[in-house]
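Colleague: I'm new to this one, so could you walk me through the aromatic rings?

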Amino acid sequence: MEKKEIKLKIISDRYDNTAPLLDALEKGPQAVDKKEVEHEHTEMTTEATLLRAAGKTYIRYNESELSGMEGAATEIWFFDDQPQVVTMERSGGFATSFVFESGKRHICVYNTPIMTFEMGVHAKEVKNRLLTDGFIVLDYMLEIRGAGAERNRVHISII
């Protein structure tokens, strides 16, 4: 077992899933006036633990007020022989487990203080170079009951 304390930089971009956004995804960003797409950009640096054991790699960190999930803990993990499939699990008031696999859709459960519901996670791109270059990129769409809700692009890097 290998365990070490690390620092992570997490850059997140969230886009509301609107018709102009769908055009941008298909035709490129030049197809849409940027004012039409609601966008949220966040960057944060946090302390984390990197753990490697039994053929799996884990990154664990606590969410902050900046992420909107203060009090939650996040764990990102993958099997070392399947780095193209990444799982993100959150515990706390907003508990979930999302599975990311390029070009695939996975149904996941999202627990909130108000209710529990299913979400579809469609990963457009998963770049997992954590063990070689120190980063993971997740580009995915979230949907609720088959309706697109938002697109997210998250870049996690060890600094």
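Colleague: Is Phe 100 buried or exposed, and what is its relative accessible area?

Modeller: First, a heads-up: this is a predicted model, where local features need pLDDT of at least 70, side-chain atom pairs count only at pLDDT 80 or more, and totals for chains, interfaces and linings use all residues. Residues are numbered from 1 along each chain as its sequence is written, and side-chain values use heavy atoms, leaving out hydrogens and water. Buried means under 20% relative accessible area, exposed over 50%, and partly exposed in between (1.4 Å probe, protein chains only). Phe 100 therefore counts as buried, at 0%.

Colleague: How many aromatic pairs are there?

Modeller: Rings of Phe, Tyr and Trp (its six-membered ring) pair if their centres lie within 6.5 Å; planes under 30 degrees apart are stacked, over 60 edge-to-face, and the rest tilted. By that rule, the count is five.

Colleague: What kind of pair do Trp 77 and Phe 79 make?

Modeller: Trp 77 is buried at 14% relative accessibility, while Phe 79 is partly exposed at 36%. Their ring centres are 5.4 Å apart with the planes at 85°, so the pair is edge-to-face.

Colleague: And what about Phe 98 and Phe 100, which kind of pair are they?

Modeller: Phe 98 is buried, with a relative accessible area of 4%. Its ring centre and that of Phe 100 are 6.3 Å apart, and the planes sit at 85°, so this pair is edge-to-face.

Colleague: Which residue lies over the face of Trp 77?

Modeller: A charge sits over a ring if NZ of Lys or CZ of Arg is within 6 Å of the ring centre and within 35 degrees of the ring normal. At 4.0 Å from the ring centre of Trp 77, the residue over its face is Lys 56.
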